Amino acid sequence: MSKDRSLSFINRCRRSRSFVVGGAMTAFLLMCAIISLFWTPGSAYDITIANRFLPSSANHWLGTDQFGRDIASMLMTGTQNSIVVAVVAVSIGLFIGVSLGLLASAKRGWTEEIIMRLSDFSFAFPAILSAIMLTAILGPGGVNSILAIGLYNIPVFARLTRGTANSIWAREFVMAARASGKGRLRITFEHILPNILSIIIVQATILFAIAILAEAALSYLGLGTQPPEPSWGRMLNEAQTLMFLDPMQAIYPGLAIAIAVFGLNLLGDGLRDILDPRLSRKR
Amino acid sequence: MSLLNVKDLSVILATNEGPARAVRNLSFRLNRGETLGIVGESGCGKSMAALALMGLLPEQSETLGEIKLDGQNLLEKSDAEMCQIRGNRLAMIFQEPMTSLNPVHTVGHQIMEPLRLHRNMSENEAKAEVLRLLDRVGIPNPKERIDNYPHQLSGGQRQRVMIAIALSCQPDILIADEPTTALDVTIQDQILELIQTLVREEGMALILISHDLGVISENTDNILVMYGGCAVEAGGTAQIFEELIHPYTQGLFAAMPKLGRARGGRLVTIPGTVPDLMGLPMGCTFTDRCPLATEVCRNTPPPIVEVKPLQFVACHHLDEARTRKTEELFS
Amino acid sequence: MSVFIAKRVLTLIVTLIGASIVIFLVMEILPGDPALVILGVDASDEAILALTKELGLDRPPMIRYWDWIAGILKGELGTSYAYKVPVWELIEGALLITIPLAIMSIIISIILALSIGLYAAANHNKAGDITLMGISQLGISIPNFWLAILLIILFAIELRWLPAGGFPGWDDGLWACLRALLLPSLALATVVGAILARITRSSVLEVFREDYVRTARAKGLSKQATLWRHVLRNALIPVLTVTGIQFSALLTGTVVVENVFHIPGLGSLVLKAINNRDTIVVENVVLLLATMIIVVNFIVDVLYAVIDPRLKAHDI
């Protein structure tokens, strides 16, 4: 029985083209990040003015920038940065947001009201707006952008969790569990969480993509990751001043962001098809 | 010449599992002012046949045969030509009054639409006509109701609005697809009576579709019994109720709850479930649930026999079906 | 209807007050000493004390919050520490650029969304639909500031059709200004338009399956007429929801894209203010942007009731 189910799960994964393509792109991204920890084709940090603006070659796959740094290596190392920021920011939102959502749904009444009203306010503060406030008082930096994006993610997860959890609380098997005398906490972990997990995973994938976009935007504005740490947004900022000289430098980092976001969006779509076939049919 | 002459109508729907024959070689005639009841369980193809008449089947479907209205084959008409006929000469009432009206327009606006489209009325003329129609279908306070949105009306009132829309251009044929199924029992009779009265007074022909043999028997001149996309028995209502012949018709009648039946009497059911269109046999579609079925039934479509004047039956085992009592067949 | 509006206005006011409290807490209470933030860690104690007095930071937080809000209601936002001019003067000039930019972008994205979404829905599962949805999936993934750079490279550097950046000022004529705003608004509208196009398509397809669409066809309405009179208005309801949600993305997008094109709007203003540690300007611009997001969502809420009569009935 369980073997059949896991088999059909794998089959469903294979049949979803979005999942396969998106998964492959995301895996490629992860590979780049991991490889860059040990090896890069050139140096992403060394400034050698003599090597500046080199065209692509065997040594420098995508050429060098105005300081002679290897662009391909900077892109690879930049992957780490994007992934770290996105993972931490989404985790902040995931843990705090899901906990608040579960709490609101389990307690109802005033707790729910307060949590939901608070998350109502927060839609007025998209990630970039919170980041602007935080950098204004704390100064620019990677940690602040993580915090800002993470804060923005909390109400998104809280609302989603509460909404879906409430619908699970109303189901018969939860009624049965309550009738048998199980406590709210135990029901939350035994029945509610497992049933809303798939929706949360899909949402996390999509927010992961949004986090990468937001990090790039903040770094582009100079509010996020600071030099010399390579980041895609920062590379775009530096390339923009050289648009007339070397337009290709402005192409690569943007392409990297677009591939990452596109892959994650596809993966999210694919996961939704696989984990919740009801949702995908409605689309 | 009949007003409507349907010959060998077949509807093939494209489904995920492949093509499904929802209607198979259906033929019938309808004269001006006549009423015809189509009866059968859900999924027997009666609604699909009605939608085929209107030319409103889903896009991935195929319609074969002939539907002649005053001698003109509707299946050969373009969509633009059909738009001239729909709502004008052929009108239809649907099962779900709750969802059949557009929630964002007033009922007045929705009744006005066919008037302006087919009868070229001005805004003011149409409005006066809408008030008359609302009154005609028995909605109190038409002047107030005309500006109401569908969600402000009850189910019965919404169905009356649907009838007003259908009635608006004095069509030759009114098709009512389960018009009372979604309504409260107390409202059902009122709506059926309203349809009856209007049909009689306007001289329209009526095709009444229902799963309820009782509703059909009280409201129609002729009956067509459908099963699995096929007509299994057809004829005058009076003739058929004098002697139910096809095993399916007998089962349908036996399954009808009757007033005054002894308390202890058990409700009869036809064994098996509503057929899946995909898995139906090539021959008689009722084979799998029929107590009289033999190998012939499964493989050869039964001939349509005029058993007596005005009563046609499609069954391989006519004699047996006529001699065995209903209680013996379904017990 | 009036009850419905009154309820929404009440929510609007509560949300605005909540947002202003959040901003006040983050900008003035969280850092401990705002004067230190403005002057930096190297500042002398005397300088900090002087600024604390000048800005009235020694008063209790409740009073400071109240003064801030009262000032806003009177149109006095205080004085920029970096430029020594009233904050309102700085914001006014920037607003006259950011608001037209946001409006232009939202108009372009709605035009894009409706034409692409309707075309794709009408050609459901045909080549045109699949191609357009593929392109829109790509459009969603492209960062708007990168698209902005690509547009500059193509239209300003290669083709030399449009300016690469800057803003001439409204005195130089409407045409010159619209030209300057065209590329920025295209960069902003592409992403939002792609998202809205996908919503429009699926929403139109969903409504086409409704019973009342069949009723409309049964009346004799052509497919075209059915689409315009019966499908579109119902299909717009989810599109409107997402437009409201996307407006905040669009507005924060302007902050970034203005910096790409060096357009002196709110985005450029706030970024300069951050670099100058001009927290008074940052505080007020953030409140303004948050207010715009809240007000647009309020307008969306009211529009719902106009489109969907069922909502009004719920509240009355």
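**Reading contacts, helices and strands**

Visitor: Leaving aside neighbours within four places in sequence, which residues is A:Ala211 in contact with?

Guide: A:Ala211 is in contact with A:Val85, A:Ala86, A:Ala89, A:Val90 and A:Ile149, once neighbours within four places are left out. Keep in mind that this is a predicted model.

Visitor: Which residues have the most contacts inside the largest nonpolar core?

Guide: Start with what a core is: buried nonpolar residues joined through C-beta atoms within 7 Å. The largest one here has 254 residues. A:Ala211, C:Ala148, C:Val282 and C:Ala290 have the most contacts inside it. H8(A) gives the most to this core, 17 residues.

Visitor: How many helices and strands are there in chain A?

Guide: Chain A has eleven helices and zero strands. Its pattern along the sequence is therefore α-α-α-α-α-α-α-α-α-α-α. Of its 283 residues, 48% count as buried. Now take contacts in chain A between residues at least 6 apart in sequence. Of these, 69% join residues at least 24 apart.

Visitor: Where does H7(C) bend?

Guide: The bend is at C:Ile152, by about 25°. After the helix comes C:Arg160, whose phi is positive, near 55°.

Visitor: Which residues of H7(C) are buried?

Guide: First, the general idea. An α-helix has 3.6 residues a turn, so residues three or four places apart point the same way. Now the case. The buried residues of H7(C) are C:Asn144, C:Phe145, C:Trp146, C:Leu147, C:Ala148, C:Ile149, C:Leu151 and C:Ile152.

Visitor: What covers the buried residues of H7(C)?

Guide: The cover includes helices of chain A and chain C. From chain A come H8 (184–221), H9 (232–240) and H10 (248–275). From chain C come H8 (174–208) and H10 (223–261).

Visitor: Which two chains have the most contacts between them?

Guide: Two pairs of chains touch, and chains A and C have the most contacts. No contact joins chain A and chain B. The closest C-alpha atoms of chains A and B lie 13 Å apart.

Visitor: How many residues does the contact take from chain B and from chain C?

Guide: Chain B gives 25 residues and chain C gives 19. On the chain B side, helix H2 (79–85) and helix H3 (107–118) are the elements that give two or more residues. H3(B) has the largest share, with four residues. By type, the chain B side divides into 13 nonpolar, nine polar and three charged residues.

Visitor: On to strands. How do strand E1 and strand E2 of chain B run?

Guide: E1 (residues 4–15) and E2 (residues 18–30) of chain B run antiparallel, joined by nine bridges. They form a hairpin with two residues between them. Look at B:Leu9: opposite it in E2(B) stands B:Leu26.

Visitor: One last residue. Is B:Ala321 buried or exposed?

Guide: Apply the cut-off: 20 or more other C-beta atoms within 10 Å means buried. B:Ala321 has 23, so B:Ala321 is buried. B:Ala321 sits in helix H12 (residues 318–323) of chain B. Not counting residues up to four places away in sequence, B:Ala321 touches B:Ile245, B:His246, B:Pro247, B:Leu292 and B:Cys315. B:Glu218 is 103 residues from B:Ala321 in sequence, and their C-alpha atoms are 25 Å apart.

Terms used. Residues are numbered from 1 along each chain as its sequence is written. Chains are lettered from A and ligands numbered from 1 in the order in which they are written. This is a predicted model: local features need pLDDT of at least 70, side-chain atom pairs count only at pLDDT 80 or more; totals for chains, interfaces and linings use all residues. Two residues are in contact if their C-beta atoms, placed from the backbone, lie within 7 Å. Ala, Val, Leu, Ile, Met, Phe, Trp, Tyr, Cys and Pro count as nonpolar, Asp, Glu, Lys and Arg as charged, and the others, Gly among them, as polar. A residue is buried if 20 or more other C-beta atoms lie within 10 Å of its own, exposed if 12 or fewer, and partly exposed in between; C-beta atoms are placed from the backbone. The bend at a residue is the angle between axes fitted to the seven residues ending there and the seven starting there. Two strands pair if DSSP finds at least two bridges between them.
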